[in-house]
Amino acid sequence: MLFDSEKPSLGREFADGEVILREGDVGDCLYVILEGQAEVVVDDGGEEPLRLAVLEKDGFFGEMSLFSDYPRVATVRALGPVRVMTVDKRGLLRWLGDDPTLSLRILLKMVERIRLLVAEVIRLRKALRERGDV
Amino acid sequence: MELTSGARVAVIGGGPAGSLSAYFLLDLARQTGLTFQVDLFEPRDFNQTGPPGCNMCGGVISESLMQKMAAEGISLPKELLLDAIDSYVLHTDSGAAAIRPLQEEMRIASIFRGAGPQGAESQSPLPWSSFDQHLMQLAQGLGARHVPRRVRQLVRDAEGRLEVHLQPARGESDEPEEPYGVYDFLIGCVGLNGAGVRLFEELDFGYQPPKTDRAWVAEFYMGAEEVHRRLGHAMHIFLLDIPGMKFAALTPKGHYATFIILGDDVNEELARQVCLSPHVRELFPEGWETPVRPCRCQPRINIGPPVHPFGDRVVLVGDCASSRLYKDGIGAAYRMAKVCALTAVTRGIAAEDFRQGYWPACQEMDRDNRLGHMLFSMDGLMRHLSFFRWAMVTVIREEQSRTDDPRRLSSAMWDTFTGSASYRHIFRRAFHPLVLWRLCVAMLRSLLPAGRGR
């Protein structure tokens, strides 16, 4: 066991480097990190996959393909031992209908991610302009 | 009648309904740019073992609540967790069947509401901590103030606001004449097992508490190794033909096993009968005797709807209002605390606001509980028919042995005991034509010569 085997633990455990969800898969659940870290990577054809983000405890992932028909857009794998809990799509959609504050919380997280993405696009554009590529 | 910035809010009772009401109210206030002063009145110290720190409950957090809390970002520290439940084992007079979920994931937790059973203090320092204390700390983290005093009386003043009067503190002989505080909004989360309900019955809005029954809850010390060896990580459910008993459950909790009996006003004699049943005894170590006086209680549980659990500037949440029948009381408190907070912040705190925003959620839960009553009544009728119980166990075993099976009866039973779904959903699955067909076939087989041997 990777965590303290004497203590009971919730969720499901993944070993370092183990794939939790794979790019291209059909999504049927949301993942919440209970313990440890996970990295979001995409295969850009290079030797090593390109790391997009590192997610910490209480962070969630996999929500994009829950709210759309698109498959998973990136791979998420364990960065060191990690423990995650899944939230089923059907249950989540039902709770979101009953509970506007839960919808708001997920929306706020997604807005935060869009804000980070916009900041990243600006940073990259600036870097390209400085190199004279734009 | 709206909650504006600077409003004073009193939450009477610091169990899950009280702490979560305070937490969600302050969380919504933060999101909407409001500031409230929230006082949480709870005289008990949840860090004490035995009755002084206990909230009299089985202490299981359902799969659905665990998932909701995870999505909400409310994590459960490891020291709260006594065991993670991976399966249910159904014990009947006609055999046993294990029910496992399809996913390989632990989603059900057993916890102590207070600091653990009487006598546990000898294991100091305790390797676990209190769930109720954790929830209170979450509310305090958002700014709620804990007032560790007992409330004596609630009085509405000339402006319609509510005065909170306290019992004399230890060492004081006279009751204080002045109110402790005057509040714009009062949330009652007083449960059903103290004198708190009376405070709200005496107010002017016509509240009547829900109908109740008595359960029986006991903590048995067996030692962690024995608990794990005998019970595994499974919750054991007993559907036995014992008059007066609806069902019983044995839950692993570290060094302890919690035994809960639900039925029609369960008393000590019925509890003794259930404990002596061979189906129960086989799960305990050989020669083990039920302690003469284990840490036990007979809490009142909610089995019917309340009357008018809200008025101008006042609302009741949790067991003293609407809760789920025989299961997931903490999950019900979570949902209703959220609806209460949302109504107060977005609609207002007049009786009419609660009628439109809070009461429909209570009525929905109460309607669902009526279906639950029907399910348990049908089970009560069927329990004398051993061939029905045999058929039920047989169908569950068949479902569990196949991975491609939709497992409708198993999932209906799983949700009945885990509290993961409403009785409406359970009803739909349990009465699916295919389930009924399989049960009929199994019942016919049981009536054939040597049928039950196969």
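B:Val317 is in contact with B:Ala17, B:Ser21, B:Ile187, B:Cys189, B:Ala333, B:Met336, B:Ala337 and B:Cys340, leaving aside neighbours within four places in sequence. Contact here means that the C-beta atoms, placed from the backbone, lie within 7 Å.

This is a predicted model, in which local features need pLDDT of at least 70, side-chain atom pairs count only at pLDDT 80 or more, and totals for chains, interfaces and linings use all residues. Residues are numbered from 1 along each chain as its sequence is written, and chains are lettered from A and ligands numbered from 1 in the order in which they are written. The model has ipTM 0.85 and pTM 0.90. For chain B the mean pLDDT (the predictor's confidence in each residue, from 0 to 100) is 89, with 97% of residues at 70 or more.

Back to the packing. B:Val317 is among the residues with the most contacts inside the largest nonpolar core, which has 155 residues; A:Val32 and B:Ile261 are also among them. Such a core is a set of buried Ala, Val, Leu, Ile, Met, Phe, Trp, Tyr and Cys residues joined through C-beta atoms within 7 Å. Buried means 20 or more other C-beta atoms within 10 Å of the residue's own, again placed from the backbone. Helix α8 of chain B, residues 329–346, gives the most to this core: eleven residues. Helices are DSSP runs of H or I, at least four residues, numbered from the N terminus.

Last, helix α13 of chain B, residues 423–430. Its buried residues are B:Tyr423, B:Ile426, B:Arg429 and B:Ala430. They sit on the same side of α13(B), because they cover an arc of only 125° around the axis, taken from the directions from the helix axis to the C-beta atoms. Their cover includes α10, α12 and α14 of chain B.

Technical notes
Buried ≥ 20, exposed ≤ 12 C-beta atoms within 10 Å, placed from the backbone. Helix = DSSP H or I, 4+ residues; strand = E, 2+ residues; numbered from the N terminus. Contact = placed C-beta atoms within 7 Å.
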